[in-house]
Amino acid sequence: MKHRYLPITEDNKKEMLATIGVESVEDLFADIPASIRFNGELPVSSRLDEYALTRHMGALAGKNADSDRYVSFLGAGIYDHHVPSVINHVVSRSEFYTAYTPYQPEISQGELQAIFEFQSYICELTGMAVANASMYDGATALAEAANLAAGATRRKRIVVSRAVHPEARGVLDTYAHGLNLEIVEVGTLGGVTDANALAQAVTPDTAAVIVQNPNFFGAVEDVQAFGELAHASKALLIVSTNPLALGLIEAPGRQGADIVIGDAQPLGISGSYGGPTCGFFAVSEAHMRRMPGRIVGQTTDRNGKRGFVLTLQAREQHIRREKATSNICSNQALLALCASVYLSLMGRQGLKEVSHLNLQKSHYAKQKLAAVKGVTVAFSSPTFNEFVIKLPEGTDMAALQSKLLAEGYIGGYDLGKTYPELAGHMLIAVTERRSKEEIDRFSVILEGSL
């Protein structure tokens with residue numbers, strides 16, 4: 001019989017204390033002066049047995065508005081996509097679930113091959129030559145990409161569009177402080193990056209141009225034009241992308257991107273109230289040796305049999321810190337496996353079909369919401385599965401969200417939180433999980449709540 005939890009018994013405790021030669025647990029703290037030793041009761045609730053604790057935690061969890069009980073139109077980086085049941089079955093296997101860093105390839109071939117498959121999928125999706133084993137999330141991947149560009153070009157100026165996720169830009173600012181990078185933000189026009197402002201911001205000392213496609217407002221950017229602009233000044237083009245959108249739009253690598261990064265959460269990874277997620281990082285062959293994190297390579301053993309090993313390890317854990325390309329010393333292997341299982345299940349055609357569903361349903365929702373009295377679609381730029389609506393002047397966003405929640409709907413993201421000029425605007429996300437009935441009902445509830 002398997003037990004999820006094995007408590008320590010009084011006999012266990014007595015046996016351990018006898019073995020180490022003390023009579024009580026308090027004796028273990030005898031070296032700490034009594035005057036500074038904590039001897040009272042901690043300000044916590046009384047202990048609960050397993051049944052009571054399970055009920056208590058369940059009641060607390062029930063207070064959350066999760067996407068299983070509520071219909072979610074919230075995106076902004078974390079999306080309510082379908083997670084096939086087989087994914088959790090595979091990643092819950094102990095070989096993967098409890099695996100440690102595969103330093104010994106002779107006993108880690110399964111884990112190494114799983115990572116190698118993830119890298120291969122990312123390269124195929126992004127159109128890039130090399131991908132690493134994964135990053136913590138999309139935001140750290142973006143900041144590490146800026147670091148790579150600064151090292152490769154020996155320049156310090158990073159030009160980034162304000163249509164890039166604001167939290168990713170926040171992480172970039174934090175990195176920039178320690179790396180002495182100059183961050184120049186370029187505004188937007190019509191829901192996309194202002195091309196003229198970008199052209200003026202790119203100078204001969206620019207290390208990289210960073211854009212997101214589809215961008216934070218859901219709009220599709222002109223990546224190729226930005227690549228030409230960056231390369232004219234010998235800067236690198238960094239593209240942050242939604243991997244699911246790559247089932248429809250051209251791969252960034254075929255539009256001139258030097259570095260492609262993003263978050264793999266849309267690929268079979270649960271939203272989990274905001275994380276953890278899994279970042280991906282892919283580069284052209286010229287920048288392969290500067291990539292942060294781990295890379296798994298394919299080789300052959302002395303008998304000619306295919307095998308996998310960690311390779312090109314240029315991070316501070318393996319070489320002198322001052323010569324390292326990054327201090328990222330880990331990866332999200334388990335969540336990368338989620339993405340790999342998802343992509344293997346969907347296949348090329350399945351990914352296209354899911355992307356089409358996201359596109360079609362979001363465009364249907366855009367039409368329905370545009371018909372709501374007082375609501376307008378803010379931008380005319382082409383979009384994927386997110387778009388921005390403008391609410392009537394004076395709308396109390398907090399009150400509106402509460403009304404939607406009371407009806408069983410999670411509303412879109414309040415853009416006024418991070419874009420003051422877009423107060424009264426809401427970012428709506430529509431995934432393949434949303435039905436026509438849910439979209440229709442949402443538009444009716446929204447109209448009745450304004």
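**Exercise 1.** In which loop is P214 found?

*Solution.* The structure is a predicted model, in which local features need pLDDT of at least 70, side-chain atom pairs count only at pLDDT 80 or more, and totals for chains, interfaces and linings use all residues. Residues are numbered from 1 along each chain as its sequence is written, and side-chain values use heavy atoms, with hydrogens and water left out. Helices (DSSP runs of H or I, at least four residues) and strands (DSSP runs of E, at least two) are numbered from the N terminus. With these terms, P214 is placed in the loop that runs between β7 (206–213) and α9 (223–232). The bond joining N213 and P214 is a cis peptide bond, with omega about -10°.

**Exercise 2.** Describe phi and accessibility for S272 and Y273.

*Solution.* First, locate the residues: S272 is found in the loop between β9 and β10, and Y273 is found in the loop between β9 and β10 as well. Next, read the backbone: S272, a residue other than glycine, has a positive phi near 50°, while Y273, not a glycine either, has a positive phi of about 55°. Finally, consider relative accessible area, computed with a 1.4 Å probe on protein chains only, where buried means under 20%, exposed over 50%, and partly exposed in between. S272 counts as partly exposed, at 39% relative accessibility, whereas Y273, at 60%, counts as exposed.
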